Amino acid sequence: MILETLSQSVSTVLHNKKRLLKALLIPFLVTYCLRSMKVSVAGYELYSEILVVIFNIAIFLTSSMICLRTQQILDKHDTDDTVDAPWQWLKFDSQQRRYSGYLLVLFVLLQAIFLLIEADYKIATNGLVYSVMLVLSVVGWVIFSRLSFVLPAIASGKEASFKDAWAITKDKKLYAFVIAGLLPVAFYWIANIVIVC
C-alpha cells in the first residue's frame, strides 16, 4: 500500500509537471528572493532581528500558498499535462488562511519535536532520561504524521479538522507515519546529498 501510494504520487507529479511549473514558478522565485534578502539583512542589531522575523513570516506564508496550490493541482487527478494552467499569483482567501493556520500548528509541533530531540544531548544525564525523551520525540513524530493528513483535505475544499485526520488514520498509523513522517525526511536527506555532491 505504501509503495503503491508512492508510485501514484510520483506518477501524478510527473504527468502534471508543466502545470505545476506554470502555477508555481513565480511563488518559488518570490520565496527564493525573500530567503536571499533575509540572509543579507541578518545581524545582531534589533532592527535586523525584526526584519528577519518579518521575512520568516513572509516565507512561511508564501510556502503555505505553494503547498496548497500544489495539492489543489494534484488533487484533481487530471494527468493530462496539456490542460491549461495559467501563470498566476496566489490569493490569500479563507481556504488559504485555514490551511495556513493548520500548517502553522503542525510547524510549531514539529519545532517542539526537534527541540526535544536536540535536548537529548544537553539534558539527558542518565539512560532513563534519555530513553524517556527519545520515546516522547517518537510519539510526537507519530502524532505529527497523523495530524498532517488534514492538509490535503483542506486543500480539496473540505471542512476537515485535526479530529478528522486522527479518525482517518486510526487504523493506518504505520502507513501515515511512513508517508507523512519518514518519506519527507528521506527525500530531504537525499536532496541534501545530491546538492553537496
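This is a predicted model: local features need pLDDT of at least 70, side-chain atom pairs count only at pLDDT 80 or more; totals for chains, interfaces and linings use all residues.
I started at Phe149, which counts as partly exposed at 23% relative accessibility. My cut-offs: buried is under 20% relative accessible area, exposed is over 50%, and partly exposed is in between, with a 1.4 Å probe and protein chains only.

**Overall fold**

I looked up the secondary structure first. The protein chain has 8 helices and 0 strands, and its pattern along the sequence reads α-α-α-α-α-α-α-α. Helices (H or I, at least four residues) and strands (E, at least two) are DSSP runs, numbered from the N terminus. I noted that 30% of the 197 residues count as buried. Accessible areas are Shrake-Rupley values with a 1.4 Å probe, and for residues only the protein chains shown count as cover. Among contacts (heavy atoms within 4.5 Å) with a separation of 6 or more, 76% join residues 24 or more positions apart.

**Aromatic pairs**

How many aromatic pairs does the structure hold? I found 3. Rings of Phe, Tyr and Trp (its six-membered ring) pair if their centres lie within 6.5 Å; planes under 30 degrees apart are stacked, over 60 edge-to-face, and the rest tilted. Tyr102 and Phe162 are edge-to-face, because their ring centres are 4.6 Å apart and their planes stand at 75°. This pair links distant parts of the chain, 60 residues apart: Tyr102 sits in helix H4 (residues 94-123) and Phe162 in helix H7 (residues 162-168). Tyr102 is buried, at 17% relative accessible area.

Back to Phe149, then. Phe149 pairs with Tyr175 in a tilted arrangement, 6.4 Å centre to centre and 45° between the planes. Phe149 is in the loop between H5 and H6, while Tyr175 is in helix H8 (residues 173-196), so the pair ties together parts 26 residues apart in sequence. Tyr175 is buried, with a relative accessible area of 16%.

**Ser148**

I checked Ser148 too, which lies in the loop between helix H5 (127-147) and helix H6 (150-155). Buried or exposed? Ser148 counts as buried because its relative accessibility is 13%. A polar atom of its side chain lies 2.8 Å from the backbone oxygen of Ser145. With neighbours within four places in sequence left aside, Ser148 is in contact with Leu106 and Ala180.

**Leu103**

Next I went to Leu103, in helix H4. Leu103 counts as buried, at 16% relative accessibility. What does Leu103 contact, leaving aside its neighbours within four places in sequence? I got Phe60, Ser64 and Leu151. I also looked up Leu103 and Cys67: they are 36 residues apart in sequence and 9.6 Å apart in space, C-alpha to C-alpha.

**Helix H2**

I ended on helix H2 (residues 17-41), where Leu21 lies. Leu21, Leu25 and Leu29 form a nonpolar surface patch with about 260 Å² of accessible area together. Patches take residues with over 30% relative accessible area and no salt bridge, joining like charges within 9 Å and nonpolar side chains (Val, Leu, Ile, Met, Phe, Trp, Tyr) within 5 Å. A salt bridge is a side-chain nitrogen of Lys or Arg within 4 Å of a carboxyl oxygen of Asp or Glu. Ser36 is found in helix H2 as well, and Ser36 is partly exposed at 33% relative accessible area.

Notes. Residues are numbered from 1 along each chain as its sequence is written. Side-chain values use heavy atoms; hydrogens and water are left out. A polar contact is a pair of N or O atoms within 3.5 Å; within protein, one must be able to donate a hydrogen and the other to accept it, and residues adjacent in sequence count only if both atoms are side-chain atoms.
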